[in-house]
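Biologist: I am new to this structure. Could you show me how to read its features?

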Amino acid sequence: MFLCLHNTYSAKQVEEFGRIAYGFDANTIIITKATASAAQSGVPTLQKMAYKLGKNVLFFEELDDAIEVLRPEKVYLIGNKNICDEKLNFDEVGKNDLVVFCGASTGFTKLELEKGLGRYIVENEIGALGNLAIFLYEMSKRI
């Protein structure tokens, strides 16, 4: 499966996203719509981390670009209960799916939610890093 951090401006969030994902042995991380320090120092730091670990990182301007290039079977947009209709069923996530976590505190826009299946993991807002950690832990129990 492909793990994506979308719409982030924080270099630290990019670095921590990589640390968590690679810590759970993810092979490839995708970063889309990174701005400010996320693009200037976060992505280069993540690339360095990926290289040292023998992992991959892909960087795209927009989420549509990632979908076009990767051609996932399904796109899951992980948000909070206020914007996503259904709780994520971890058993439905396949190895060719794109799982997107929003780095912005405002969450996904309605237009972005139309690109895939909006799902939540926990009812409260815990951010992209919290959702990623729970997601990968739950997925590791299913392998």
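Modeller: We will take a helix pair, then the aromatic rings, then the cysteines. Keep in mind that this is a predicted model.

Biologist: Let's start with helices. At what angle do α1 and α5 pack?

Modeller: Angles under 35 degrees count as roughly parallel. Here helix α1 (residues 11–23) packs with helix α5 (residues 127–140) at about 5°. Their axes are 10 Å apart. The angle therefore makes α1 roughly parallel to α5.

Biologist: Which residues make the contact?

Modeller: From α1, the contact uses Gln 13, Glu 16, Phe 17, Ile 20 and Ala 21. From α5 come Ala 128, Leu 129, Leu 132, Ala 133 and Leu 136.

Biologist: How do the residues of that contact divide into nonpolar, polar and charged?

Modeller: There are 8 nonpolar, 1 polar and 1 charged in the contact of α1 with α5.

Biologist: Now the rings. How many aromatic pairs does a search of the whole structure find?

Modeller: The search finds 3 aromatic pairs. In one, the rings of Phe 90 and Phe 135 have centres 6.0 Å apart. Their planes are at 35°, so this pair is tilted. Phe 90 sits in the loop between β5 (86–87) and β6 (98–102), and Phe 135 in helix α5. The pair therefore ties together parts that are 45 residues apart in sequence.

Biologist: Why is the pair of Phe 101 and Phe 135 edge-to-face?

Modeller: Planes over 60 degrees apart count as edge-to-face. The planes of Phe 101 and Phe 135 are at 70°, so the pair gets that name. The ring centres are 5.8 Å apart. Phe 101 lies in strand β6 and Phe 135 in helix α5, so the pair ties together parts 34 residues apart in sequence. Phe 101 is buried, at 0% relative accessibility.

Biologist: Which residues do the ring pairs link into a cluster?

Modeller: The cluster holds Phe 17, Phe 90, Phe 101 and Phe 135. Phe 17 also belongs to the contact between α1 and α5.

Biologist: Last, the cysteines. How many disulfides are there?

Modeller: A disulfide needs two cysteine sulfur atoms within 2.5 Å. The count here is 0. For Cys 84, the nearest cysteine sulfur is that of Cys 102, 9.7 Å away. For Cys 102, the nearest is that of Cys 4, 9.7 Å away.

Biologist: Are Cys 84 and Cys 102 buried or exposed?

Modeller: Cys 84 counts as buried, at 3% relative accessibility. Cys 102 is buried too, with a relative accessible area of 9%.

Terms used: Residues numbered from 1 in each chain as written. Predicted model: local features only at pLDDT ≥ 70, side-chain atom pairs only at ≥ 80, totals over all residues. Heavy atoms only, no water. Axes fitted to C-alpha atoms, helices over the stretch in contact; angles between N-to-C directions. Helix = DSSP H or I, 4+ residues; strand = E, 2+ residues; numbered from the N terminus. Parallel < 35°, antiparallel > 145°, perpendicular 65-115°, else oblique. Contact = heavy atoms within 4.5 Å. Nonpolar A, V, L, I, M, F, W, Y, C, P; charged D, E, K, R; others polar. Buried < 20%, exposed > 50% of the residue type's maximum accessible area, 1.4 Å probe, protein only. Phe/Tyr/Trp six-rings, centres within 6.5 Å; stacked < 30°, edge-to-face > 60°.
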